[in-house]
Amino acid sequence: MKITLLSYTPNPERVVAAAAKLCYAANATASGLYEGLDDQKAADFVEMLASLGHESPIEHVSFTFGIEGVSRAFLAQITRHRIASFSVQSQRYVKKDGFAYITPPEVLDSPEALSVYEEAMRADLAAYNRLADILQEKHCAALLAEGKNEKEAKRMAEKKAIEDARFVLPNACDTQMIITMNARSLYNFFRHRCCNRAQWEIRAAAEEMLRLVSEVAPTLFRNAGPSCYKKGCSEGKMSCGQAAEMRCKYTKLHSEAEHAHQEGK
């Protein structure tokens, strides 16, 4: 897995502070409020907003991530977070004739399970390639009969073939995507996906995404993490029972991100 913070709203904490101050400013302009804020004033105001639970201003800043080396199972989970923008590598247009795949840690820890898993991946790949070949041959013949030249017929036939061959690809098949979320959506994402009960792959992604945004906007994301980090566990009887350990873990993450932010100034 590789996660990169590709882009984000410049001076995110100043933007949030200016947006919030504008709500209560009788004789001020948006640009004037923004220009009147330095980093410290903005950070102080963002911290005050957090203490008041005033979240709507943080929707004005967004963060764009490149995510590589994750599974289609991951894709199914992350797209449940609806207030976000997704661009995902297509299995319809990108041939996966030698696809990489993601292996769960529990499978890696068991030689017997790993043997079964790798055998299944080889079988899936063989089935995919065989289906693609059969369907491509069928479509190519039809396109040639329609009068297409050989080069064009082969190109079009391959696209039509992999559109249906992809149905045998496993959830483990790798993919990559670009995702954009605003800060409020990210808070919700971290609350659910940094939780110990989240599936391992999306939890690992969420932790890295939180680390990245916290390094560029530490005050804005100071309270972000699983629900137990700043409040009580939201999982009820399904709680992992490790709230204290999780608070220590995310306190350390935020402390390290704050240090990285200061080093990067």
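User: In this predicted model, how many residues does the largest nonpolar core have, and which element gives the largest share of this core?
Analyst: The largest nonpolar core of the predicted model has 47 residues. Phe63, Ile67, Leu186, Phe190, Leu220 and Phe221 are those with the most contacts inside this core. In soluble globular proteins, nonpolar side chains tend to be buried together. With seven residues, the largest share of this core comes from H9.

User: Which residues does Phe190 touch, not counting residues up to four places away in sequence?
Analyst: Phe190 is one of the residues with the most contacts inside the largest nonpolar core. Leaving out residues up to four places away in sequence, the residues that Phe190 touches are Cys195, Ala206, Met209, Leu210, Val213, Phe221, Ala224, Gly225 and Pro226.

User: How many residues are in the other core, which lies apart from the largest one?
Analyst: This other core includes Phe99, Val107, Leu114 and Tyr128. Its number of residues is twelve.

User: In what sense do strands E2 and E4 pair, and which residue of E4 is the bridge partner of Gly66?
Analyst: Strand E2 spans residues 62–71 and strand E4 spans residues 174–182. The two strands pair over eight bridges in the antiparallel sense. The partner of Gly66 in E4 is Ile178.

User: How many bridges join E3 to E4, and which residue of E4 is the bridge partner of Val88?
Analyst: E3 and E4 run antiparallel and are joined by four bridges. Within E4, the residue bridged to Val88 is Met177.

User: Where does Gln91 lie, and is Gln91 buried or exposed?
Analyst: Gln91 belongs to the loop between strand E3 (85–88) and helix H5 (105–108). Not counting residues up to four places away in sequence, Gln91 touches Arg72, Ile162, Arg166, Leu169 and Cys173. The relative accessible area of Gln91 is 9%, and buried means under 20%, so Gln91 is buried.

User: What is the volume of space in the largest pocket, and which element gives the largest share of its lining?
Analyst: About 400 Å³ of space lies in the largest pocket. Its lining has 18 residues, and those nearest the centre are Glu55, Tyr187, Arg191, Asn223 and Lys231. Helix H3 (39–52), helix H8 (183–193) and helix H10 (227–230) are the elements that give two or more residues to this lining. The largest share, three residues, comes from H3.

User: How do the residues of the lining of the largest pocket divide by class?
Analyst: Among the residues nearest the centre of the largest pocket are Glu55, Arg191 and Lys231, and Glu, Lys and Arg count as charged. The lining as a whole divides into nine nonpolar, five polar and four charged residues.

User: Which element gives the most to the lining of the second largest pocket?
Analyst: The second largest pocket holds about 350 Å³ of space. Of its 18 lining residues, Glu13, Asp39, Pro218, His261 and Lys265 lie nearest its centre. Helix H1 (12–22), H3, helix H9 (200–216) and helix H11 (243–264) each give two or more residues. By class the lining has six nonpolar, five polar and seven charged residues, and the element that gives the most to it, with four residues, is H3.

User: What is the volume of space in the largest cavity?
Analyst: The structure holds one cavity of 30 Å³ or more. Its lining includes Cys195, Cys228, Cys233 and Cys240, and H10 and H11 are the elements that give two or more residues to it. The lining divides into seven nonpolar, four polar and one charged. The space in this cavity is about 70 Å³.

User: What is the phi of Asn11?
Analyst: Asn11 lies in the loop between strand E1 (2–8) and H1. With a relative accessible area of 35%, Asn11 is partly exposed. Although Asn11 is not a glycine, its phi is positive, at about 45°.

Note on methods
Residues numbered from 1 in each chain as written. Predicted model: local features only at pLDDT ≥ 70, side-chain atom pairs only at ≥ 80, totals over all residues. Heavy atoms only, no water. 1 Å grid on protein atoms, 1.4 Å probe; cavity = no way out; pocket = protein on both sides within 12 Å on 5 of 7 lines; lining within 4 Å. Points joined across faces, edges and corners; volume = space filled by probe spheres on them. Buried < 20%, exposed > 50% of the residue type's maximum accessible area, 1.4 Å probe, protein only. Contact = heavy atoms within 4.5 Å. Core = buried A, V, L, I, M, F, W, Y, C linked by side-chain atoms within 4.5 Å. Pairing = 2+ DSSP bridges.
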